[in-house]
Amino acid sequence: VEGSVKTVILGEIIFPILLLVFGIYHGLMQALYRAGIIKDMSFLGIEYYQGLTLHGVINAVVFTTMVIVAFGNAVFLYYLKKPLRPAVQWVSFLMMVIGTLMAAWAMFTGKANVLYTFYLPLVAHPAFYIGAALLLVGSIIPLFFDWAPNYIAWRKEHPGEKVPLAVFGVFVNHIMWVIMLVPVVITVVFQMIPLSLGITQEENVSLSRTLFWAFGHPLVYFWLLPAYTMLYTILPKIVTGDGKLYSDSAARFAFILFILFSFPVGLHHQFTEPAVTNNYKLIHALFTFGVAVPSMLTAFTVAASLEYSIKQKYPEVRDSLFYWWTKIPYISLEGDKWLVSYFMAGLFLFFVGGITGIVNASYNVNLVVHNTSFVPGHFHTTVGGLVTLSLLGISLYMVSKLMGKDIRFKGLAVLAPWLWWQGMLIFEYAMSVAGIHGFPRRTNAGLSYLNPESPLYRPEWVGYAELSAFAAFIIVLGFVFWAVSFFGTILSPKVREETLEFPTASALHDEKAPALNRLTPWFTVSVLLFVLSYLPALYDVTKRGVFFDSPGYNDKNPVPITKPQSAKEEKTNTAEAK
Ligand code: HAS
Ligand code: HEM
């Protein structure tokens, strides 16, 4: 790996992970606020909504995006054996770092308490939006100037051959990323920044929300597909050392289904949106069931790959229906098998995430769980489960290879995902069941619902909130184990040549299936479906709604801010409130 490109990839891993330490800390704080263990508006100078924003943005936006770009760079380098351009890499990296620092400044100084779903009417300092834009634009630069040219050149040099599966997954995912950025860029540039700068005084909030969610749900698949890429290519190989992927075409077909169905689904976040007609929401609900199909396909393909590989290696379990599960190296220090724990713990969590996702998607059932803690329960087993564990595992793996170092404290590295799994499972149980009993999300419950002195006191939620705080400590312990191994590895002496390689399973069934390797037709249909599925909703929110113009607000009081949060003193706000 060319020296400065290697530095960039390492930077794309280490920088967001340093921030992730704050992100995880704020997760713990959130659990403590909600359980009433912290009974205050703020803790150590960070307010409740400020901490919630920092937690969501750092963990779900910054950490994921940067590590996904690092993984993409590494995949393109390793599988296509074509160099990446240092200038492109540095521009992309510096934009992401500067953007993140700008947004971090706004969040840490309390000027952007807008949560990670930053749609209007909450308004942040312009630095937050410009920073976010830099991060996102920086993340797509490698696709245009490194990956796409290398992909095209490779195909020319290898006519009739399929691109390696990992490259296929990463490439598809990043093209989807570019498409989904379009609606969010529109609301940021034309609605949020003008309101935040004081150029406009009012904006159409339903429109902003709709454009945000047109990005916000495909976003979850941008997080997920890199994990699936690892499950298809790395996991089957390392589970026995020479395992196989059951079917290459099934994997590619799953990615294609994501191209088609990831976009026309965003209204399932807006089932309660008054401005949009019900029928369109129902159509998005049905497409949402469609987008669950490639995940089910993945579940079966991964399980079949594990079963086949294990039965090949251990003839004694060949006739067993379930006993082969016991041969999976859940906890193993041998070679790269430590990574198996990350994927298996992640898969077990995702099984729950899938079920809760379907509950969310089921239109009328959604009305029971929407805006309750059921929803954070769901996504801590998806993005906070399989996705985070895969990214933590692959980060440790890439750092050790790229720096030529052995994994230090491997025992801790192997136990970490299991603690995370156990903690998240308890957390999910507590959050979901409390959610079904009506416990709201995004509220400083320690001051209200969990406070015996408050008229809002709801004793039936106390046990669940305390259980989720207990679970939070277990997850944090898992993270500490991982961090000791990660930083221990970085700080240890170099023992090998610096390399870049990924264990890769070959496919048992490897049909040519040319239709699965031509991306343009699939993306054309996908964009058409996206536009068609959103036209009626956009018509509704701009023409039929009743709330066209709303001023901006901040989290401090329910009085509109007619001037941007940044330009107003706290005092003025309080005076207005009075
Ligand atoms: Fe979701 C809300 C529906 C997947 C993330 N989701 C969220 C939010 C986030 C999020 C962050 O329809 C909150 C947004 C906010 O702040 O308001 N979600 C779904 C559906 C799926 C789904 C149908 N979500 C994800 C993924 C995420 C993610 C993936 C991140 C990476 N979600 C919703 C809905 C809402 C929502 C509503 C709005 C709720 C509301 O009211 O606000 C599907 O894609 C899920 C399909 C998955 C499966 C599972 C397949 C199983 C596998 C594991 C197999 C295990 C094996 C091991 C082989 C069908 C692959 C063996 C294990 C054994 C136990 C035997
Ligand atoms: C929100 C805990 C890790 C993503 C929350 C909330 C809690 C929490 C209690 C607030 C729920 C609410 O009131 O609505 C934790 C703990 C973690 C952890 C204890 C681990 C130690 C993660 C990870 C991710 C993540 C790894 C993603 C990569 C989010 C997001 C939100 C959230 C996106 C929603 C923020 C919002 O509502 O604006 N978390 N979390 N969390 N968490 Fe975590």
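1. Helices here are DSSP runs (H or I, at least four residues), numbered from the N terminus. Please keep in mind that this is a predicted model, in which local features need pLDDT of at least 70, side-chain atom pairs count only at pLDDT 80 or more, and totals for chains, interfaces and linings use all residues. Residues are numbered from 1 along each chain as its sequence is written, while chains are lettered from A and ligands numbered from 1 in the order in which they are written.

2. Staying with α5, the helix covers residues 165–197, and its end C-alpha atoms lie 45 Å apart, which agrees with the 48 Å that its 33 residues should span at 1.5 Å a residue. The expected span is 1.5 Å times one less than the number of residues. There is also a bend of about 35° at V188, taken as the angle between axes fitted to the seven residues ending there and the seven starting there.

3. Ligand 1 has 32 residues around it, and G354, G357, N360, A361 and T382 come nearest. A residue counts as near if its C-beta atom, placed from the backbone, lies within 6 Å of the molecule. At least two residues of this shell come from each of α6 (205–233), α9 (278–313), α10 (338–361) and α12 (374–403). By type, the shell has 19 nonpolar residues, 13 polar and no charged; Ala, Val, Leu, Ile, Met, Phe, Trp, Tyr, Cys and Pro count as nonpolar, Asp, Glu, Lys and Arg as charged, and the others, Gly among them, as polar.

4. Around ligand 2 there are 24 residues, with G27, Q30, G56, R441 and A472 the closest. Two or more residues each come from α1 (3–34), α2 (48–80), α12 and α14 (462–491), and α1 gives the largest share, 6 residues. This shell holds 13 nonpolar, 8 polar and 3 charged residues.

5. Which way does α6 run relative to α15? The two helices, α6 and α15 (residues 519–544), pack at about 160° with axes 8 Å apart, the axes being lines fitted to C-alpha atoms over the stretch in contact, and angles running from 0 to 180 degrees between N-to-C directions. That makes them roughly antiparallel, a term for angles over 145 degrees, where under 35 is roughly parallel, 65 to 115 roughly perpendicular and the rest oblique.

6. α6 also meets α12: their axes come within 9 Å and cross at roughly 50°, so the pair is oblique.
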